[in-house]
Amino acid sequence: RPQINGFVAALIYKRHAIADREITLDLTAEGIEGGATDVYSRIGWGAVSGLIETPTHLFVRISRREALTIPRRAVPNEDEYRNLRGFIRARTGLSTTG
């Protein structure tokens with residue numbers, strides 16, 4: 001099943017408005033805001049349903065099928081990554097799984 005999900009995700013990826021585009025996310029006290037230059041979204045912390053951490057990414061789950069992806073390479077160093085993760089945890093009350 002994970003292989004099938006990966007295959008389906010690869011097929012539909014190009015249909016998304018932000019596929020292969022650089023996006024910027026701002027984490028504020030109210031939630032997460034950001035997007036590309038012409039596509040902008042705002043998600044309140046109450047909409048976050050899970051945090052999934054891997055060695056290379058932090059996934060902020062907002063539904064069963066959607067998550068915001070934060071690549072660890074986008075954060076300058078490990079201390080700032082821990083601060084970012086702590087900031088999200090403090091606002092959502094969630095712990096990370098992975």
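## A buried glutamate

Glu33 is buried, with a relative accessible area of 18% (buried means under 20% relative accessible area, exposed over 50% and partly exposed in between, using a 1.4 Å probe and protein chains only). This residue belongs to strand β2, residues 31-35; strands (E, at least two residues) and helices (H or I, at least four) are DSSP runs, numbered from the N terminus.

The side chains of Glu33 and Tyr40 are joined by a polar contact of 2.8 Å. Such a contact is a pair of N or O atoms within 3.5 Å; within protein, one must be able to donate a hydrogen and the other to accept it, and residues adjacent in sequence count only if both atoms are side-chain atoms. Setting aside neighbours within four places in sequence, Glu33 is in contact (heavy atoms within 4.5 Å) with Thr24, Leu25, Asp26, Thr28, Tyr40, Ser41 and Arg42.

## About the model

This is a predicted model, where local features need pLDDT of at least 70 and side-chain atom pairs count only at pLDDT 80 or more, while totals for chains, interfaces and linings use all residues. Residues are numbered from 1 along each chain as its sequence is written, and side-chain values use heavy atoms, leaving out hydrogens and water.

Which residues of α2 are buried? They are Tyr81, Leu84, Arg85, Ile88 and Thr92. These residues cover an arc of only 95° around the axis, so they sit on the same side of α2; the arc is taken from the directions from the helix axis to the C-beta atoms. An α-helix has 3.6 residues a turn, so residues three or four places apart point the same way. Asn83 and Ala90, on the other side of α2, are exposed.

At the start of α2, a side-chain oxygen of Asn77 comes to within 3.1 Å of the backbone nitrogen of Asp79. Just after the helix, Gly93 has a positive phi of about 75°.

## The sheet beside the helix

Four strands make an open sheet of mixed pairing, in the order β6-β5-β4-β7. The edge strands, β6 and β7, each pair on one side only; two strands pair if DSSP finds at least two bridges between them. Strands β5 and β6 pair in the antiparallel sense over five bridges, and Phe59 has Thr69 in β6 as its bridge partner.

Helix α2 packs on this sheet, touching β4, β5, β6 and β7, and its direction makes about 160° with that of β4. Axes here are lines fitted to C-alpha atoms, for helices over the stretch in contact, with angles from 0 to 180 degrees between N-to-C directions.
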